[in-house]
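Welcome! Take a moment to look over the model below, and then we will walk through some of its features together.

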Amino acid sequence: MDTSPVSTLSELRTDSDRLWQSLMTLAELGATPKGGVNRQALTELDRQARDLFIQWCKAEGCTIRIDAIGNIFARRAGTDPDAPAVMTGSHIDTQPTGGKFDGCFGVMAGLEVLRSLNQHDIKTRCPVEVVVWTNEEGCRFAPCMMGSGVHTGQLSLHEMLAQKDTDGVTAGEALDAIGYRGSDEIPRENVRAFFESHIEQGPILEDEETTIGVVMGALGQRWFDLSLTGQEAHAGPTPMSLRQDAMLGAAEITVAVNRIAIEHAPHGRGTVGVMQVHPGSRNVIPGQVYMTIDLRSLEPDSLTAMVAELKEVVEAVSQRHRLAFELTPTADFVPEHFADNCVNAVRNAASQLGYSHLDIVSGAGHDAIFMGRIAPAGMIFVPCEGGISHNEIENAAPKDLHAGCNVLFHAMLDQAEIVS
């Protein structure tokens, strides 16, 4: 076993080849012909991946605990049994047409941290823990981020165990079927820091030719369903001035959603993702439109202002075109600002290791968001090719993954307190 004294810790790196091999071995479980992974939550393939993770962690001397929603906690003991844990982790369930890196990188990077600590015989005062969260993707069982939501008290264990997939199987039944409904009580307290390393799932880092994204927080989200009701009529005989065209109203609102987001740059987002038009005939003026609206921003005041402006636009457009409307809120997630100590640990590690880095925000949901509500949390982003994720062609360069893992390693060392 190679060992390195504390005086040379700044020179330590994780093992790039070992990290890559772990990712590729994990990706064999559920591999698809197009090079992706289909390993949905609480399936037999998920069981095999969980078993493999536990096997690897036990080989590093970790103790394993599994809670009632199936979250797996692998702990490397610290010298102080009462010290708060420094944690990392993500998920290993995938989309039906998922990639090799979404979530999986965060778990395998955590495993590589454990291996590197052992390889270099580094002792820490705080325990170091790697967690696999259950059903982050939410594609088999809704909602997403189920495991971290239950652990942090944001979601009800009873309600989550009762969630059903399209075949009527509950999450509780699926946990029992794969043998991962645990009984360990995992306290929410006594966590010094939680880090999650992840591919960006967007194009910014690649576009900026930057290796590390120092994640400042996650965008808040406000979702709405909007129904607009006008009057169907013949497209030929009905003059433009006498129409009650629901589609015209929807088009104006769609443009306004885009404008509102741009006016709240740099972190404003606005998306109309679904639009259903009735009756859907080429020579009939649309009498009804159903659409979804997704607004996001990093700052609470900005998000509140965006919602207020959306409501004004909907009312004005509906009045102008003589439409009835129903605007229904469907989701409300507050913005998450990650803890200064975790953000600084990531930024300092990137600087000390010589990696290019920039401050960035997460536009997607991650388990670190829920963890950030009960403990200091932070995230590390690395580029993914073309910004593509949730896709079988999802790809990330080994050198970028290694860089992200090195930053994770040193950020965790910063918080875990090395014992000389």
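What volume does the largest cavity have? Its volume is about 40 Å³. Keep in mind as you read that this is a predicted model. The count of cavities of 30 Å³ or more comes to one. Among the residues lining the largest cavity are Asp 93, Asp 102, Glu 137, His 390 and Glu 394. The lining as a whole has no nonpolar residues, seven polar and four charged.

| Pocket | Volume | Nonpolar lining residues | Polar lining residues | Charged lining residues |
|---|---|---|---|---|
| Second largest pocket | about 240 Å³ | five | four | four |

The largest pocket has 39 lining residues, and Gln 221, Arg 296, Gly 363, Ala 364 and Gly 365 lie nearest its centre. Strands E8 (220-229), E13 (288-297) and E16 (357-362), together with helix H11 (367-371), each give two or more residues to this lining. The largest share, three residues, comes from E16. For the second largest pocket, the lining has 13 residues, with Asp 67, Ala 68, Asp 184, Glu 185 and Ile 186 nearest the centre.

UniProt, in an unreviewed entry, places the feature "domain: Peptidase M20 dimerisation" at residues 220-318. Over that stretch the chain is 37% helix and 31% strand, and its end C-alpha atoms lie 27 Å apart.

Finally, look at two helices. H10 (residues 340-353) packs with H12 (residues 398-416) at an angle of about 125°, and their axes are 8 Å apart. That angle makes H10 oblique to H12. The crossing of H10 and H12 is right-handed.

Key. Residues numbered from 1 in each chain as written. Predicted model: local features only at pLDDT ≥ 70, side-chain atom pairs only at ≥ 80, totals over all residues. Heavy atoms only, no water. 1 Å grid on protein atoms, 1.4 Å probe; cavity = no way out; pocket = protein on both sides within 12 Å on 5 of 7 lines; lining within 4 Å. Points joined across faces, edges and corners; volume = space filled by probe spheres on them. Nonpolar A, V, L, I, M, F, W, Y, C, P; charged D, E, K, R; others polar. UniProt positions renumbered as here; feature names shortened; annotations may be inferred. Helix = DSSP H or I, 4+ residues; strand = E, 2+ residues; numbered from the N terminus. Axes fitted to C-alpha atoms, helices over the stretch in contact; angles between N-to-C directions. Parallel < 35°, antiparallel > 145°, perpendicular 65-115°, else oblique. Left-handed = near helix turned anticlockwise from the far one by under 90°.
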